[in-house]
Amino acid sequence: MKTSPPASLIPQPFLLASDIDGTLLGDESGEELFKQFFACQNGHFSLAYVTGRYRWSVLELIRQGRLPRPHFICSDVGTEILDLSDPANRLGEAYAAQVHPGWDLDAIYRLGIGDGVTRQEFDEGQPRFQAGFYWDARPETLRAFHERLSTLEGVYIQASYDTYIDVLPGPLGKGQAVSFLQKQLGLSQGQVVVAGDAGNDRQMFEAGFKGIVPFNALDELKALAGQPWHYHSPYPSARGVLDGLRYFGFIESFA
Ligand SMILES: [Mg+2]
């Protein structure tokens, strides 16, 4: 029996920059569909994973066959970029070189800890450009946190899941990583589509790119992804992403 590919591609260059957990992973049939879709594409688009995971953890998912091998991995909430086509990773080095030399994790932890806010322990090693905290989800706690860090220049504070606060260097993050890739690839803003499911994907949706919000996304992201160029799919996770690519005209259909 002849089987047709699950999704056909309208050939035009674009970048799909997608979160992993809850966006590409989370629904097994969707994961399979996405892998099949990616296997059928002939270099027409670039794929970047933009995730809170460590780089090694993403590489492990690829090794296990859970995810197709992408062109770029933007790990550690977008503070690290890996170009899988370049063993020297010059693109990732250029990205990291934007960080202000005064970036000081110790100072952030010293100032950050306070009422309702504790330090997040990274059991697999402290990332270079991400300070992590737990918070008690109270708005006043977050406000006080912002105030304590107001003496620091060039830091970006991001709360998500009513549980975490990340502090990142201003020039790095999920949105910044995607913008950096867009410029490196010579693409227009309209040739970039992002996908995510939670508050830590916020930056990607604030950068003006086409955005896909799968059905299972958290309200914290749904509430802020309200621009006409944001598409809320009735499908969950990876099927939602494929449905979004269809909606934006990057693919003709998906099974
Ligand atoms: Mg996610």
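Helices (H or I, at least four residues) and strands (E, at least two) are DSSP runs, numbered from the N terminus.

## Model and confidence

What you see is a predicted model, in which local features need pLDDT of at least 70, side-chain atom pairs count only at pLDDT 80 or more, and totals for chains, interfaces and linings use all residues. Residues are numbered from 1 along each chain as its sequence is written, and side-chain values use heavy atoms, leaving out hydrogens and water.

The protein chain has a mean pLDDT (the predictor's confidence in each residue, from 0 to 100) of 92, with 95% of its residues at 70 or more. Please take care with residues 1-5, where pLDDT stays under 50. For this stretch the model has one contact (heavy atoms within 4.5 Å) beyond four places in sequence.

## The seven-stranded sheet

Seven strands make up an open sheet with mixed pairing, in the order E5-E4-E3-E2-E10-E11-E12. Here, two strands pair if DSSP finds at least two bridges between them. At the edges are E5 (80-83) and E12 (230-232), each pairing on one side only. The twist averages 20° from one strand to the next; axes are lines fitted to C-alpha atoms, for helices over the stretch in contact, and angles run from 0 to 180 degrees between N-to-C directions.

Within this sheet, E3 (residues 45-50) and E4 (residues 72-75) run parallel and are joined by three bridges. Val50 stands opposite Cys74 in E4. Helix H6 (residues 174-185) lies across E2, E3, E4, E5 and E10, running at about 160° to E2.

## The four-stranded sheet

Another open sheet has four strands in the order E6-E7-E9-E8, with antiparallel pairing. Its edge strands are E6 (117-119) and E8 (155-160). E6 pairs with E7 (residues 131-135) over three bridges, and Thr118 has Tyr134 in E7 as its bridge partner.

Two helices lie across E6, E7, E8 and E9: H4 (residues 105-112) runs at about 15° to E7, while H5 (residues 139-148) runs at about 150° to E7.

## A closer look at Ser233

Ser233 sits in the loop between E12 and helix H9 (237-247). Is Ser233 buried or exposed? Ser233 counts as buried because its relative accessibility is 4%; the cut-offs are under 20% relative accessible area for buried and over 50% for exposed, with partly exposed in between (1.4 Å probe, protein chains only).

Not counting residues up to four places away in sequence, Ser233 touches Val213, Pro214, Phe215, Gly240 and Asp243. With Asp243, the contact is also polar, side chain to side chain, at 2.7 Å. A polar contact is a pair of N or O atoms within 3.5 Å; within protein, one must be able to donate a hydrogen and the other to accept it, and residues adjacent in sequence count only if both atoms are side-chain atoms.
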